[in-house]
Amino acid sequence: MIFAVIDYGASNMFSLIASLKRANVQVKIVDERERLEKYSAIILPGVGNFTSAVQKISNLKNEILDAVAKGTYIFGICLGMQLLFNESEEGQGEGLSIFRGKVVKFPKTIKVPHMGWNLVEPQGYSLLLSDFERERWAYFAHSYYPNPSNNNIVKGITHYGIKFVSVVEEGNIFGTQFHPEKSGEFGRRIIKNFVEYVRR
Amino acid sequence: MTVAKRIIPCLDVDNGKVVKGRHFVELREAGEPVELATRYRDEGADELVFLDITATVESRNTLYDVVRNVAEVLDIPFTVGGGIRSIEDAYKILRNGADKISINTMAVEKPEIIKELSIKYGAQCVVVAIDAKRTYRTKSGFEVYTHGARVPRNIDALEWAKRVEELGAGEILLTSIDRDGTKEGYDLELTSLISSNVNIPVIASGGGGTLEHIYEALTLGKADAALAASIFHYKEYTIREVKEYLKRRGVMVRL
């Protein structure tokens, strides 16, 4: 089983790749145009700036959208989750627009980036969070968060001054605003759940 | 706000080995970075800081190996600092698996690099380390030092903290030079002064010797995280003990 990890330049993919390998997944780093349906899943990793990420993946956008339309699993982490949406207050450019909604900045009254360990509360049935009934600590490092237009995709929420969406999921599309690869035991279980689901 | 207060062990690295001692002086070898990193993770550390304390050209390359080896096993965040002199150095460290880079002397000498790093990699991975010492020379009463706390810069620590936030730093690692290695407690005046005047997280460092000190830094000092080295290296307290103590005193921690 091979996962395509999309390389958009600035992101720290090392620990993410290490965590996938620990879950017995082979990884192909994709940084130029190629067909993506042949991979079991596409991973959009998570550090960087929205506008530069949008520019970097522009040559792969059609391939990602084609593969997702054909049922390939996709998992966006942090900025990678934000890229699933239409646009961001962080800067110009259109995201992948797989989900409808805008990425917005935390209000000025609270410390940003939202950095550190915070609680994720499961919302309804979720594959990623299927082992968890109550809230768990996850590691966040971000200043922006997505506001999905469709509430049904929301599978986890977190409070940080305001309430925001920290897990989204619909069909073959998954996203976490936190870093599962940095969230200790909780993160390991989420990655395992995703890998096992893709394997089935 | 429910973000947990963080407990961060600091590991000083010299040529690929973790050394312990009083941060800036008296080094003693303590062991393999990967081994210590996983031990701290299992004890419940929220994050780790690795500081390359020699930062010579040779130790640089060893450091990249250390970063990579640690990143392969560690699933909590870690910061790497010490001797980062260019955006390329920072990039190499991030590329090898660190989550954040911590810059100090370079930030003072080329402040625009904070902005550059922040735009390129995101504010959340740019930590500016501020080493501050009490003085009569600056308005706030605290002065910025660089080069491993050896060189006074005649810069007001409070003004500098505000400036690095403006430039795009995601976090401030604030070390009291006066307290560092003393185990007399964090400099609460310094910590609360900086914490109250910036809107980014502040990590208190220097002087932590007891459970009470850590509690004070996170409450009276208004710090978002407490960094400690020797109390964990010498196994005076485990991280779990620190966190259980904090929880009993009503501080929100990840347990």
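1. S11(B) and S12(B) run parallel and are joined by two bridges; strands count as paired if DSSP finds at least two bridges between them. Ile203(B) stands opposite Ala225(B) in S12(B). From S11(B) the chain crosses through H8(B) to S12(B), a right-handed β-α-β crossover. Right-handed means that, with the strands pointing away from the viewer, the path from the first strand over the helix to the second runs clockwise. Helices (H or I, at least four residues) and strands (E, at least two) are DSSP runs, numbered from the N terminus.

2. This is a predicted model, in which local features need pLDDT of at least 70 and side-chain atom pairs count only at pLDDT 80 or more, while totals for chains, interfaces and linings use all residues. Residues are numbered from 1 along each chain as its sequence is written, and chains are lettered from A and ligands numbered from 1 in the order in which they are written.

3. S12(B) also pairs with S1(B), in the parallel sense, over four bridges. Here Arg6(B) stands opposite Ala225(B). Both faces of S12(B) are covered, with Ala225(B) and Leu227(B) buried on one side and Ala226(B) and Ala228(B) on the other. Buried means that 20 or more other C-beta atoms, placed from the backbone, lie within 10 Å of the residue's own.

4. H8(B) is mostly covered, six of its eight residues being buried. Its cover includes H7, S11, S12 and H10 of chain B.

5. In H10(B) (residues 239–248), Ile239(B), Val242(B), Lys243(B) and Leu246(B) are buried. Seen down the helix axis, the buried residues of H10(B) fall within an arc of 95° (taken from the directions from the axis to the C-beta atoms), so they line one face. Among the elements covering them are S1 and H8 of chain B. Gly250(B), with a positive phi near 90°, follows H10(B).

6. The largest nonpolar core has 155 residues, and Ile172(B) and Ala226(B) are among those with the most contacts inside it. Such a core is a set of buried Ala, Val, Leu, Ile, Met, Phe, Trp, Tyr and Cys residues joined through C-beta atoms within 7 Å.

7. The contact between the chains takes 29 residues from chain B and 31 residues from chain A; residues are in contact if their C-beta atoms, placed from the backbone, lie within 7 Å. On the side of chain B that touches chain A, the largest share, three residues, comes from H5(B).

Technical notes:
Buried ≥ 20, exposed ≤ 12 C-beta atoms within 10 Å, placed from the backbone. Contact = placed C-beta atoms within 7 Å.
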